[in-house]
Amino acid sequence: MKIMLVGKTGSGKTTLTQILNNQKVEYKKTQMVDYIGKIIDTPGEYLENKVYYKALNVVSIDADIIILIQSATDEENLYPPNFASMFLGKKVLGAITKIDLEENCKDAEKILENAGVEKIFHLDLKSLKGVECLKTFLR
């Protein structure tokens with residue numbers, strides 16, 4: 001099963017990729033679509049620039065599950081309403097990252113709900129809180 005991660009630059013996509021692949025966590029700016037094991041890590045610019053939505057759609061063909069990432073600390077919403085519907089026939093999940101830095105995740109939850117995700121996971125990528133729950137669901 002392949003998973004594609006979509007989110008803004010700095011939202012934690014690459015860190016989550018490294019954690020899910022049991023790799024050492026090192027900061028790395030994703031410059032292009034990166035296939036790492038069974039995870040497709042997309043550049044933040046693919047969400048930040050609407051002109052790249054078609055590229056996201058094409059890349060998603062290789063994925064079974066799409067995970068939309070929203071940082072708990074980011075109030076900006078880049079996901080249009082029902083954004084998940086562009087990934088026809090795919091399971092679309094949401095993940096809120098950086099929950100250790102923000103006590104209230106209601107704004108991030110609302111952003112992901114409006115984007116049309118089926119289920120939301122709350123993740124602290126430093127302490128790994130919530131990661132095992134996501135891994136279990138993905139199995």
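This is a predicted model. Begin by selecting serine 11 and displaying the residues around it. Leaving aside residues up to four places away in sequence, serine 11 touches Ile69, Ser71, Thr97 and Lys98. As for its place in the chain, serine 11 sits in the loop that runs between strand E1 (3-7) and helix H1 (13-20).

Is serine 11 buried or exposed? Serine 11 counts as buried because its relative accessibility is 2%, and buried means under 20%. Next, display the side chain of serine 11 together with the backbone of lysine 8. The serine 11 side chain reaches the backbone oxygen of lysine 8 at a distance of 2.8 Å.

Now select lysine 8 itself and show its side chain. Lysine 8 has a relative accessible area of 23% and is therefore partly exposed. With which residue does glutamate 76 form a salt bridge? The partner of glutamate 76 is lysine 8, and the closest N and O atoms of this pair are 2.8 Å apart. At 41% relative accessibility, glutamate 76 is classed as partly exposed.

For the next stop, select glutamate 132 and arginine 139. These two residues form a salt bridge whose closest N and O atoms are 3.2 Å apart. Are the two partners buried, partly exposed or exposed? Glutamate 132 is partly exposed, because its relative accessible area is 46%. Arginine 139 is exposed, because its relative accessible area is 70%. To close this part of the tour, return to Lys8, Asp74 and Glu76, which salt bridges with shared partners join into one network.

How many salt bridges does the model contain? The count comes to 6, including the one between glutamate 132 and arginine 139.

Conventions:
Residues are numbered from 1 along each chain as its sequence is written. This is a predicted model: local features need pLDDT of at least 70, side-chain atom pairs count only at pLDDT 80 or more; totals for chains, interfaces and linings use all residues. Side-chain values use heavy atoms; hydrogens and water are left out. Helices (H or I, at least four residues) and strands (E, at least two) are DSSP runs, numbered from the N terminus. Buried means under 20% relative accessible area, exposed over 50%, partly exposed in between (1.4 Å probe, protein chains only). A polar contact is a pair of N or O atoms within 3.5 Å; within protein, one must be able to donate a hydrogen and the other to accept it, and residues adjacent in sequence count only if both atoms are side-chain atoms. Contact means heavy atoms within 4.5 Å. A salt bridge is a side-chain nitrogen of Lys or Arg within 4 Å of a carboxyl oxygen of Asp or Glu.
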